Amino acid sequence: MRKLSTRRRHPLAGLVVLLLGLVIAGGAYHVFAPKPAEAQEVTANDVEAGRNLFLIGCASCHGKNATGIETERGNNYGPSLIGVGAAAVDFQVGTGRMPMAQTAPQAPAKNPEYTAEETRQLAAYIASLAPGPAIPDGEYTDLGKANVDDIREGGELFRANCTACHNSVGAGGAMPGGKYAPSIKGVSAKHIAEAMITGPQQMPVFSDDVITPEDKRNIIAYVKQVQGQPNYGGLGGGGLGPVVDGMFTWIIGIGGLVIASIWIGAHGARVKKRNS
């Protein structure tokens with residue numbers, strides 16, 4: 001016991017304990033921490049191919065090193081892509097938003113300029129530059145795994161976090177500064193999930209710490225179910241909400257009654273003149 005106590009008092013004992021603690025903490029972080037985002041199942045050839053595509057089609061705005069280009073006024077001609085991850089590239093390029101056709105407050109969706117293989121290579125290159133959100137795993141975009149309770153929970157989350165911009169059925173809506181929340185109708189589950197974890201344009205980022213991957217899947221399942229429902233009451237009006245429904249009622253319904261009343265009144269007046 002005396003020998004052990006003497007060793008504990010050695011001047012290097014504290015340093016040894018500190019190093020041991022750092023090794024244990026580092027090992028625990030490596031095991032339990034979220035994995036850095038990187039393109040799945042990619043090779044060095046994919047990264048190199050993606051770099052070549054980037055230099056040809058993207059570097060003019062985002063810089064040769066993807067660090068962005070500043071204008072003389074200090075604005076970003078093209079933002080830095082360091083740390084945006086593979087998910088942001090797959091969303092922006094896969095939906096045709098990038099490359100932009102022309103400068104505008106917001107990049108609209110259009111037919112993609114790159115093939116799925118080229119998009120994957122671009123995502124692999126950008127993911128190799130720095131950690132960032134990865135492309136969601138197929139497990140969390142498989143809507144067939146969502147049951148009735150999951151869809152109900154997804155509806156609650158959607159109404160609490162998304163309807164202010166995207167409308168109650170994901171039909172989209174206008175926003176300040178010429179921007180808008182796009183319609184989610186027809187958008188793939190993967191791209192919706194990527195939008196939530198990357199926050200494109202003015203959309204906030206919903207990280208997995210804020211909304212779990214399972215909850216994201218449930219939200220997407222709810223949106224797809226609502227958009228797939230038939231309009232049992234007749235013309236749905238695009239599902240744009242009560243304001244638009246009221247507009248249709250006034251213009252088509254009340255307007256039609258006014259026109260019919262005017263026609264009936266004019267027709268009745270002509271009949272009286274002929275009888276007299």
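**Entry 1: Gly 63**

I looked up Gly 63 and noted that this residue counts as buried, at 8% relative accessibility. Buried means under 20% relative accessible area, exposed means over 50%, and partly exposed lies in between (1.4 Å probe, protein chains only). Accessible areas come from the Shrake-Rupley method with a 1.4 Å probe, and for residues only the protein chains shown count as cover. I placed Gly 63 in the loop between α4 (59-62) and β1 (69-70). Helices (H or I, at least four residues) and strands (E, at least two) are DSSP runs, numbered from the N terminus. Apart from neighbours within four places in sequence, Gly 63 is in contact (heavy atoms within 4.5 Å) with Phe 54, Cys 58, Gly 68 and Ile 69. I also noted 8.0 Å between the C-alpha atoms of Gly 63 and Ser 80, which are 17 residues apart along the chain.

**Entry 2: basis of the values**

The model is predicted, so I recorded that local features need pLDDT of at least 70 and side-chain atom pairs count only at pLDDT 80 or more, while totals for chains, interfaces and linings use all residues. Residues are numbered from 1 along each chain as its sequence is written, and side-chain values use heavy atoms, with hydrogens and water left out.

**Entry 3: salt bridges**

I counted salt bridges as a side-chain nitrogen of Lys or Arg within 4 Å of a carboxyl oxygen of Asp or Glu. By this rule the count is 6. Arg 120 and Asp 46 form one of them, at 3.3 Å from N to O. This pair links distant parts of the chain, with Arg 120 in helix α6 (residues 116-129) and Asp 46 in helix α3 (residues 44-57), 74 residues apart. Arg 120 is partly exposed at 27%, whereas Asp 46 is buried at 10%.

I then looked up Asp 149 and Arg 152, whose side chains meet in a salt bridge at 2.7 Å, N to O. Both lie in helix α7 (residues 148-161), 3 residues apart, about one turn of the helix. Asp 149 is exposed at 51%, and Arg 152 is partly exposed at 46%.

Next I recorded the salt bridge of Arg 217 with Asp 150, at 3.6 Å, N to O. Arg 217 lies in helix α10 and Asp 150 in helix α7, so the pair ties together parts 67 residues apart in sequence. Arg 217 is buried at 10%, and Asp 150 is buried at 16%.
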